[in-house]
Amino acid sequence: MKNPSVRRRVFKERLFRLTVFVLASLVVVPLAFLLGYIVKKGIGVVNWNFLFSMPAGVGESGGGIVHSLAGTLLLIVIAVALSVPVAVATALFINDHPKNRISRLIRFTVDMLQGIPSIIMGIVVYLWVVLPMKNFSALAGGVALGIMMLPIVIKSTEETLKMVPESLKEASMALGAPYYKTVLHVILPAGLSGILTGILLGVSRIAGETAPLLFTAFGNPFLNTNIFKPVDALPLLIYNYSTSPYPEWHSLAWGASFILVAFVLILNLITRLVVKKWQIKY
Amino acid sequence: MADKILSIRGLNAYYGMKRAVENVNVDFVKNKITAIMGPSGCGKTTFLRCLNRIHEVNTEARARIEGDIFLNGENIAKMHPILVRRRIGMVFQKPNPFPHMTIYDNVIAGYRLNGIKKKKHEFDTIVEKALTKTALWGEVKDSLYDRGTFLSGGQQQRLCIARALAMNPDVILLDEPTSALDPIATAKIEELLNELKENVTIIIVTHNMAQAGRISDYTAFFYLGELLEYGTTEKLFTNPENEKTENFLTGRFG
Amino acid sequence: MSIMKARDNRGGGQGSALLLSSHQMKEKGFASFLLFAGISVLLVLGAFFVTMILQSWPLFRETGLGFFTTLRWAPMENEYSVLPFLAGTLMTSLLSILIAFPFSMALSILLGEYLKTGPFAAAFKSVTELLAGIPSVIYGFWGIMILMPLIQSLQIKLGMIPYGVGVLTASLILSLMIIPYAASLGRDVISMVPGELKEAAYAMGATRWEVIFHVTLPYARSGITAGFFLALGRAVGETMAVTMLIGNSNFIPKGIFSPANTMASVIANEFGEADGLHTTALIAVGLVLMLLTGLINYAGKSIMKRFQVGG
């Protein structure tokens, strides 16, 4: 019979705890280092000129990224405009008919869509939009990003809608309100924080996506606001500049990386504030 | 003179700055059932949880105690909590058998957790004995290697008692063990406790006065964190000394 | 809808009948709009599959099963095979999961058990979320600047050609990327283990490690497995960081220091300049990729569902 002493077991426990802490710290260190490196290399590059001027010639120093910033913005607007109405409506549908076969199919589809690699999104939208149009465009890029946003917004909205108590809906209907009014004036406002969270999370995700843009928005060394023409974006710029041999372009890529990371961070913070402020407790 | 197995001296229990149990002094008698009674919020559960030092586990609650608890003369504060808990077992309000273990493994979980290895036939004996003592053997002997999830609430609670018994503790603490069970299951467990007390000391927190009256030999009455009265159940129920005890027993409050 | 019928009789008179029917039309219109939105989501996914299958069909007609059995990818000679890239994908993803496993488990246990509350917990959690949000291309950039030279000096010490890029580099960057993701999934699962079970174990005299090993982890086992499946799915589909660090070679990698290509990276590298059958072949590679990730994610999600229902 084996009866390990208390001492031995306590020692095991301490050893285990130490291992866990050490391993966890080992992870945090390089990752924090990564973040720190981005900040260090990027922050020096960012200035007014950087943000608002066009790129200089190849190999020349200076220049800016305004065309990429504008492109990213344009793509986000298109993606949000295309995906949010569909996503919210879909979430409302599945919330109304939770056991319906179509709803179950939709939930399955949303899960599947979320798992599709972003490069495949690029291929498919290339086939659907770029080929028929015979050129790359911001619209194609926006469509690709929009499809990527769909699952995020649908899930976030549905989660919040689920929390709206049945009694609220019934109260509204009992007052004689038609259903669509109930939705617009009672249910949606109650679920607003979820919708906003979904949008913010979706945007922070697609802002950094490169692969879907490679064959859709394609990139553009010039500033372009026409949605039917190719457009540049921050992640595209980072990809192109970082894989180039020019150190000046590397600096610009660090600056752009810093902006992108800062953007994601700020969106995350805003999301948390939104949830706190707009969330209705029942 | 009855044997004192667990002696409490000057026990105060705090959650952070808030005092939940005040200056309790009591001696628990060996191999008897002692009931701890009182209205909600009187500190009885807090008090119970000090006895096996389980209050130390949830650091968020910031529970701490002052005073001494002696198990057979040894101060449990000076013992390692692991050893304390091997000698003082606990059964909780909501039955909590380990869902990912078979019935067999649940009964000997205490040994597994403590890393105590025995031969299979030794474990087999322990399992059969424990389940027999809790009147479960006949009901589960053919499904020992199934997960316990098909058991009813009452059976699950008896499994938890078997699990605690398998370790051969000196004392078993029970925190309202039947409050989640129907009357028939409750009756079975009460019957069980009555038989068990021959070999193990039982301390049971209950909010059910009738239960205390039915099964306990001694009763302690708690009120707002203080031990107002302690004595044989017979005396407490028929001729309480403290007015509040009487009021509680006659249903004036609580 | 029966509430609607009841209202028909209230507020009587013919005038309100007109008002009510216009409401009813709006109702129907609104309900149709919702249904339409839902169905369009289904159609999008369906169209995805149909497009990918149809567009890669010409290639399968050309190569038949050879796509999965031959070993050469040589567009110039019209030879196409998915195997080099399947190998690249599997090697990098599995290696990255292997590397990430101990670290993300440690992080999950740390955040799910030891540091559930308090300032450190919040800090760790925020940093983890932030890191999970850093775009792939930035990881790749950092990898080129920092990781590549490191691997190069290692290769020099080992007497190999200092490519700097290859399976190992790509796997390392992948593991850095999935650790925060896997850790937060694991943390969620571990913190959901019911406190009463842990308490029962403590009450029997178990140490913290024993409770974790005998109760918490077995209970959370399926959830943790599901988490790793999902992380694997993520690793398989990762494109940018891998493309930037894998070395762009279309041969089956011989070892962890070989340059290679994954299914995602060969598409990223060659799709822009491909045409004709080459393009179709790349789409076929994409189809295989899509099916692989779909399978892995489906498996992960089903295991996760079982975890949430049972115990």
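This is a predicted model: local features need pLDDT of at least 70, side-chain atom pairs count only at pLDDT 80 or more; totals for chains, interfaces and linings use all residues.
## Chain A

Chain A contains eleven helices and zero strands.

The C-alpha trace of chain A spans about 70 × 70 × 35 Å along its principal axes. Of the 282 residues in this chain, 46% count as buried. Among the contacts in chain A between residues at least 6 apart in sequence, 76% join residues at least 24 apart.

## Chain B

Chain B has eleven helices and ten strands. Its radius of gyration is 18 Å, close to the 18 Å that the globule rule gives for 254 residues, so chain B is as compact as a globular protein of that length.

Along the principal axes of chain B, the C-alpha trace spans about 55 × 40 × 40 Å. Buried residues make up 47% of the 254 residues of chain B. Of the contacts in chain B with a separation of 6 or more, 69% are between residues 24 or more positions apart.

## Contacts between chains

The contact between chains C and A takes 65 residues from chain C and 65 residues from chain A. On the side of chain C that touches chain A, helix H2 (residues 14-63) of chain C gives the most, with 18 residues. The residues on that side of chain C comprise 42 nonpolar, 16 polar and seven charged.

Chain B also meets chain C: 22 residues of chain B are in contact with 18 residues of chain C. Three elements of chain B give two or more residues to its side of this contact, namely helix H2 (81-87), strand E6 (88-91) and helix H4 (109-113). By type, the residues on the side of chain B that touches chain C are eleven nonpolar, six polar and five charged.

## The largest nonpolar core

The largest nonpolar core has 251 residues. Those with the most contacts inside this core are A:Ile238, C:Ile138, C:Ile173, C:Leu245, C:Ile267 and C:Val285. Helix H7(C) gives the most to the core, with 15 residues.

Leaving aside residues up to four places away in sequence, C:Ile138 touches A:Ile38, A:Ile238, A:Ser257, A:Leu260 and A:Val261. In soluble globular proteins, nonpolar side chains tend to be buried together.

## Helix H7 of chain C

Helix H7 of chain C covers residues 167-191. At 1.5 Å a residue, its 25 residues should span 36 Å, and the end C-alpha atoms are 35 Å apart, which agrees.

## Helix H5 of chain A

Helix H5 of chain A covers residues 118-133. At 1.5 Å a residue, the 16 residues of this helix should span 22 Å; the end C-alpha atoms are 21 Å apart, which agrees. H5(A) bends by about 45 degrees at A:Tyr126.

A:Tyr126 is also buried, and other buried residues of H5(A) include A:Ser118, A:Gly122, A:Val125 and A:Val130. A:Lys134 follows H5(A) and has a positive phi, near 60 degrees.

Technical notes:
Residues are numbered from 1 along each chain as its sequence is written. Chains are lettered from A and ligands numbered from 1 in the order in which they are written. Helices (H or I, at least four residues) and strands (E, at least two) are DSSP runs, numbered from the N terminus. The expected span of a helix is 1.5 Å times one less than its number of residues. Two residues are in contact if their C-beta atoms, placed from the backbone, lie within 7 Å. Ala, Val, Leu, Ile, Met, Phe, Trp, Tyr, Cys and Pro count as nonpolar, Asp, Glu, Lys and Arg as charged, and the others, Gly among them, as polar. The bend at a residue is the angle between axes fitted to the seven residues ending there and the seven starting there. A residue is buried if 20 or more other C-beta atoms lie within 10 Å of its own, exposed if 12 or fewer, and partly exposed in between; C-beta atoms are placed from the backbone. A nonpolar core is a set of buried Ala, Val, Leu, Ile, Met, Phe, Trp, Tyr and Cys residues joined through C-beta atoms within 7 Å. The radius of gyration is taken over C-alpha atoms; the globule rule is 2.2 Å times the number of residues to the power 0.38.
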